[in-house]
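Trainee: Can we go through the charged pairs and a helix contact in this one? I would like to ask as we go.

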Amino acid sequence: MRRTHIIFLMVFTFAFLAWAGYTVYANERKDDTNAAKQLEFIRKNLTNLTEMKSSDAKQYYEEALKDLHALIEKYPGTEQELEANFYAGVIHNEMHNYNEAIKYFDSILSQEMLHRNFKARTLYFKIMALLKKGDVVKVKETIAELKLVEPRAADSFGKELSGIVSVGYEAPSFTGMDLKGNTIDLAKYKGDIVVIDFWATWCDPCMQEFPKFKKVYNKFKTRGIKFIGVSLDDDIRDLNGFVEQEGIEWPQIFDGKRWKGTVPGLYRVLAIPMIFVLDRESRIRYIGSSTENVSQVLTTLLSESKELPLFR
């Protein structure tokens, strides 16, 4: 059984109670009794969520999103419409759809005269989505907004932000053992363009993105690009089986510690899949989960390499 949904439930419920739950709507919006009843039903289903298979959970969240979308369309201009948008954003966060989550949070934040608590709660969850995307610039901007509304909540991100790696900075160096017993030393990759992929076989979004990532590997492997996988699996048999089944050629670092592993800790990985692209100077040039963006960045870096002088 996976515990990610229980973690989500704890965070969701804590935030809901901590910021006064039902009294967080925008001023001058009407309160619709029928919408409130429907929203309460959806909320209870979410907070009563127990452990289940990932596939079952995904279907459950998709059904909840349909109900929320229907409520949003049926009751525009109500307090419940805003709350439904918030729930939809949190669910997209849980499903690793961070861009979608941010759209919902921004739709709320664009409203005038939001209640202070509701605005703080929305900003808080937007920051969580931005952190998981690795968008440090927008994280800092949004924390500054939150600080004006709820300083204590903004300060809670201090630890995460102080250690986060970001685009333009040198990648943290590490060593690890691959599945064949070989030592992977990132320092020895300096001079190469490197793609580091954080993933796991138990991660549904990772499995969905894997075919695309494999295409990126096949496209660039003959052009000198180096690939390193960092598995957050806790059972090496699952990892070995998948590597053999899919014919994965690039090395996989595994220590069986999931999020507490050395390399995920160094890179402040808060969600997977998460991909880092390093240039030949070991500077981070991309952080995210879009294989399309990875392909574009690699093409750019190869073009930059061609422009380097023969003698330096």
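**Salt bridges and a helix pair**

Mentor: Start with Arg-258, which is buried at 19% relative accessibility. Keep in mind that this is a predicted model.

Trainee: Why does Arg-258 count as buried at 19%?

Mentor: Because buried means under 20% relative accessible area, and Arg-258 has 19%.

Trainee: OK. Which side chain does Arg-258 meet in a salt bridge?

Mentor: That of Asp-234, with 3.0 Å from N to O. The pair links distant parts of the chain, 24 residues apart. Asp-234 sits in the loop between β4 (226–231) and α11 (236–246), and Arg-258 in the loop between β5 (252–254) and α12 (262–266).

Trainee: And Asp-234, how is it classed for accessibility?

Mentor: Asp-234 is partly exposed, with a relative accessible area of 41%.

Trainee: Why would two such side chains pair at all?

Mentor: Opposite charges can pair when the charged atoms come close.

Trainee: How many salt bridges does the structure hold?

Mentor: It holds 14. One of them joins Glu-40 and Arg-43, whose closest N and O atoms are 2.8 Å apart.

Trainee: Where do Glu-40 and Arg-43 lie?

Mentor: Both are in helix α2 (residues 33–47). They are 3 residues apart, about one turn of the helix.

Trainee: Is Arg-43 buried or exposed?

Mentor: Arg-43 is buried, its relative accessible area being 14%. Glu-40 is partly exposed, at 22%.

Trainee: What about Arg-237, which residue is its partner?

Mentor: Asp-235, and the N to O distance in that salt bridge is 3.0 Å. Arg-237 is exposed, with 63% relative accessible area. There is also a network in which salt bridges with shared partners join Arg-116, Glu-150 and Arg-152.

Trainee: New topic, the helices. At what angle do α6 and α7 cross?

Mentor: Roughly 160°, and the axes of α6 (residues 116–133) and α7 (residues 136–149) come within 9 Å. That angle makes α6 roughly antiparallel to α7, because angles over 145 degrees count that way.

Trainee: Left-handed or right-handed crossing?

Mentor: α6 passes α7 in a left-handed crossing.

Trainee: Which residues meet there?

Mentor: From α6, they include Leu-123, Ile-127 and Leu-130. From α7, Val-139, Ile-143 and Leu-146 are among them.

Trainee: What classes are in the contact of α6 with α7?

Mentor: By class, the contact has 10 nonpolar, 1 polar and 5 charged residues. Among the residues that meet are Arg-116 and Lys-119 in α6 and Glu-145 in α7.

Definitions and conventions: Residues numbered from 1 in each chain as written. Predicted model: local features only at pLDDT ≥ 70, side-chain atom pairs only at ≥ 80, totals over all residues. Heavy atoms only, no water. Salt bridge = Lys/Arg side-chain N within 4 Å of Asp/Glu carboxyl O. Helix = DSSP H or I, 4+ residues; strand = E, 2+ residues; numbered from the N terminus. Buried < 20%, exposed > 50% of the residue type's maximum accessible area, 1.4 Å probe, protein only. Axes fitted to C-alpha atoms, helices over the stretch in contact; angles between N-to-C directions. Parallel < 35°, antiparallel > 145°, perpendicular 65-115°, else oblique. Left-handed = near helix turned anticlockwise from the far one by under 90°. Contact = heavy atoms within 4.5 Å. Nonpolar A, V, L, I, M, F, W, Y, C, P; charged D, E, K, R; others polar.
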